[in-house]
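Have a look at it first, then read on.

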Amino acid sequence: MHHFSYSGGRLHCEGVDLAAVAAAVGTPCYVYSSATLVRHARVIADAFRGQSVMVAYSVKANGNLAVLATLAGQGCGADVVSGGELLRARKAGIPAAKIVFSGVGKTAAEMTLALEQGIHQFNVESAAELRLLSEVAAKLGREAPVALRVNPDVAAGGHPNISTGKSGDKFGVPWGEAEALYAEAASLPGIRAVAVDVHIGSQIGDLAPMRAAFEKVVGLALRLREQGHAISRIDVGGGLGIPYKEGDAPAPPSDYAAMISEVVAGHGFEIILEPGRVIAGNAGVMLTTALYEKEAPDRTFLIIDAGMNDLIRPALYGAHHDILPLAEPGPGHPLKTYDVVGPICESTDKFASGRAMPAVKAGERLAFMSAGAYGAVLSSAYNARSLVPEVLVDGDRYEIVRRRPNFEESIGLEKVPAWLTTVA
Ligand code: LLP
């Protein structure tokens with residue numbers, strides 16, 4: 001469920017007419033719905049009501065400060081994968097005690113920052129990382145609460161590029177090495193193993209692979225307890241899929257929660273969740289303006305003012321985003337089949353191939369739906385385009401929560417060395 005719908009023939013986000021936002025902010029831009037973010041956070045919390053659970057929103061999905069502050073207000077913690085995400089989460093008001101730190105490449109500096117902040121848990125992904133964390137923690141005189149992220153060798157995920165739980169993926173400690181590494185962890189200074197962590201992929205609509213992975217993980221956690229490790233938490237990662245188009249029917253959060261409670265409950269584990277897409281995905285759209293129609297012998301290109309630098313999911317994963325006109329097409333409005341492309345000088349700068357949609361005229365505004373997760377965060381300034389701005393709607397008000405940088409700001413970090421400007 002989300003709060004984007006036509007009202008009076010115009011696409012609205014909550015009480016705000018998106019055409020008014022496009023006119024005021026310019027396109028391309030992202031628009032997020034507070035009510036949808038809040039609703040999704042509550043749906044997840046409610047689904048797990050009665051269980052000991054911590055919702056650590058996965059900041060990588062959408063790390064805008066205003067989005068994080070909205071979710072902090074709902075009691076969410078954060079799953080972070082860099083010092084930058086950790087500082088963002090803290091700045092948005094998320095307490096360190098609700099932060100878990102994932103990722104295969106944490107540096108000593110990031111470990112130090114996280115230890116000084118006093119985060120809830122490090123999700124450690126290799127023996128080498130565990131040893132470095134031990135050194136860093138011991139030097140600081142601190143103890144790092146640790147989960148090992150294990151690789152359960154279970155395939156899942158909407159696309160090979162977002163599958164992470166198969167042996168051969170770079171993620172997690174190989175299944176067969178996990179117990180030995182917990183034994184080593186117990187002997188290392190500065191390390192306190194408290195949890196087992198797993199995350200097998202993203203945009204997963206079918207719960208069966210998740211169940212298989214979680215059953216393995218709970219079995220491992222119970223064996224570890226028998227071996228004397230004080231394992232009190234299971235971190236089940238994120239990965240729950242969302243509907244991107246009509247006919248998509250991923251498992252709903254209620255089924256997901258029921259499955260987890262069935263597999264994990266009864267052993268007194270705290271459950272940690274790392275949802276990203278399921279909270280932010282359908283809470284955001286990207287607005288764009290149609291620039292040109294271009295006829296080729298075998299197709300019609302619709303050229304828009306957003307590029308793969310603004311929304312890379314179609315280019316990177318072949319992802320589908322519904323494209324809706326901001327002005328609702330009336331009955332009898334003709335359909336037309338387009339290849340929808342951006343202005344970037346790359347053939348992969350294509351949002352849709354052979355997409356039948358209401359015929360569009362130059363200057364018309366469109367919305368890319370379900371773009372709230374892995375949209376703006378993955379944007380770049382490729383082709384010297386400005387980073388795409390972001391807007392947050394709340395009821396009938398909105399605010400620009402990241403503005404478009406001007407040219408001077410865009411080049412502000414660059415410098416021409418004196419030797420190029422000094423005449424000999
Ligand atoms: N936890 C860990 C350790 C992760 O690696 C991820 C996502 C999440 C949680 C959150 O997963 P979610 O609930 O959002 O599925 N850019 C891709 C998705 C990459 C996912 C990376 N890891 C896309 O646009 O589809």
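## Around the ligand

Let's start with the ligand: it has 17 residues around it, and Ser202, Glu274, Arg313, Tyr317 and Tyr374 come nearest (a residue is near a molecule or strand if one of its heavy atoms lies within 4 Å of it). Keep in mind that this is a predicted model, where local features need pLDDT of at least 70, side-chain atom pairs count only at pLDDT 80 or more, and totals for chains, interfaces and linings use all residues. Residues are numbered from 1 along each chain as its sequence is written, and side-chain values use heavy atoms, with hydrogens and water left out.

## Two helices side by side

Now for α4 (residues 83-91) and α5 (residues 108-117): their axes come within 9 Å and cross at roughly 25 degrees. Helices here are DSSP runs of H or I with at least four residues, strands are runs of E with at least two, and both are numbered from the N terminus. Axes are lines fitted to C-alpha atoms, for helices over the stretch in contact, with angles running from 0 to 180 degrees between N-to-C directions. That's why α4 and α5 are roughly parallel to each other (angles under 35 degrees count as roughly parallel, over 145 as roughly antiparallel, 65 to 115 as roughly perpendicular and the rest as oblique).

On the α4 side, the contact is made by Gly83, Leu86, Leu87 and Arg90, and on the α5 side by Glu110, Leu113, Ala114 and Gln117 (contact means heavy atoms within 4.5 Å).

## Glu270 and its partners

Glu270 is part of strand β13 (residues 270-273). Setting aside neighbours within four places in sequence, Glu270 touches Ser52, Met54, His120, Ser232, Arg233 and Ile234.

Most residues other than glycine have a negative phi, and most peptide bonds are trans. Thr27 and Pro28, though, are joined by a cis peptide bond, with omega about -5 degrees. Pro28 lies in the loop between α1 (18-25) and β4 (29-33). Ser370 has a positive phi, near 55 degrees.
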